[in-house]
Amino acid sequence: LANRARALAEATGEDDILYAVENVLANSLTELDIDGKWIGDEGAAAVAEALKGNTSLTKLDLYHSDIEDAGAAALAEALKVNASLTELELGMNFGIKAEGMAALAEALKVNASLIKLGLCETSYHNPKDVAALAEALKVNTSLTDLDLTRTGIGAEGTAELAEALKVNASLTEL
């Protein structure tokens, strides 16, 4: 994993990626901000793999990082086993579409530590994607803050979320 991160850092010229993965692996960080570093799916997968065994990171900011479905799916798999992360920012990653959103929704069904999830300006236009998120919100008891700003969920998506909020007692900010 460290070698993969090193190769990615060399290929992109972003030493922050190498630093991030090495420190997440070492359990030495509580917050990691890679906002705008354009790490893509490969970088997101490297961070996700490191996150699986991490017990110290509580905040991960991947805003505007060129992450698409594969990267979101990798992060979702990490969320299923990580118990320390409380905040994840994925806003402005326009390539996160149906597959990535479905994977994140599935992760929310089992993750008990995440309290804040940022998905602003992602591609949440498909009502089926919103339905999957709404179903996850019905069983998730940890998430208190969900940012869906400028996602274009529309009336149908809003109705799905409204139904979920009837049974979700943890979400306080949407």
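Visitor: What should I know about the model before reading values?

Guide: This is a predicted model, where local features need pLDDT of at least 70, side-chain atom pairs count only at pLDDT 80 or more, and totals for chains, interfaces and linings use all residues. Residues are numbered from 1 along each chain as its sequence is written, and side-chain values use heavy atoms, with hydrogens and water left out.

Visitor: How are two packed helices described?

Guide: By the angle between their axes and the distance between the axes. Helices are DSSP runs of H or I with at least four residues, strands are runs of E with at least two, and both are numbered from the N terminus. Axes are lines fitted to C-alpha atoms, for helices over the stretch in contact; angles run from 0 to 180 degrees between N-to-C directions.

Visitor: At what angle do α3 and α4 cross?

Guide: The axes of α3 (residues 40-52) and α4 cross at roughly 5° and come within 8 Å. The two helices are therefore roughly parallel to each other. The cut-offs are under 35 degrees for roughly parallel, over 145 for roughly antiparallel and 65 to 115 for roughly perpendicular, with the rest oblique.

Visitor: Which residues of α3 and α4 meet?

Guide: Contact means heavy atoms within 4.5 Å. From α3 come D41, A44, A45, A48, L51 and K52; from α4 come D69, A70, G71, A74, L75, E77, A78 and V81. By class, this contact has 9 nonpolar, 1 polar and 4 charged residues. Nonpolar covers Ala, Val, Leu, Ile, Met, Phe, Trp, Tyr, Cys and Pro; charged covers Asp, Glu, Lys and Arg; the others, Gly among them, are polar.

Visitor: How do α4 and α5 pack?

Guide: Their axes cross at roughly 5° and come within 8 Å. That makes α4 roughly parallel to α5. D69, A72, A73, A76, L79 and K80 of α4 meet residues of α5 including A98, E99, G100 and A103. The contact of α4 with α5 divides into 9 nonpolar, 1 polar and 4 charged residues.

Visitor: And what is the angle between α5 and α6?

Guide: Helix α5 (residues 98-110) and helix α6 (residues 127-139) pack at about 10°, with axes 8 Å apart. That makes α5 roughly parallel to α6. The residues of this contact are 8 nonpolar, no polar and 3 charged.

Visitor: Which residues of α5 are buried?

Guide: Buried means under 20% relative accessible area, exposed over 50%, partly exposed in between (1.4 Å probe, protein chains only). In α5, the buried residues are G100, M101, A103, L104, A105, A107 and L108. They pack against α4 (69-81), β4 (116-118) and α6.

Visitor: How do strands pair in a sheet?

Guide: Through backbone hydrogen bonds, either parallel or antiparallel. Two strands pair if DSSP finds at least two bridges between them. Here an open sheet of 5 strands runs in the order β1-β2-β3-β4-β5, with parallel pairing. β1 (31-33) and β5 (145-147) stand at the edges, each with a single partner strand, so one side of each has no neighbour in the sheet. β3 (residues 87-89) and β4 share 3 bridges in the parallel sense. E89 has G118 in β4 as its bridge partner.

Visitor: Is E31 buried or exposed, and what does E31 contact?

Guide: E31 lies in strand β1. At 53% relative accessibility, E31 counts as exposed. Leaving aside neighbours within four places in sequence, E31 is in contact with L57, T58 and K59. The C-alpha atoms of E31 and T58 are separated by 5.9 Å, with the residues 27 apart along the chain.
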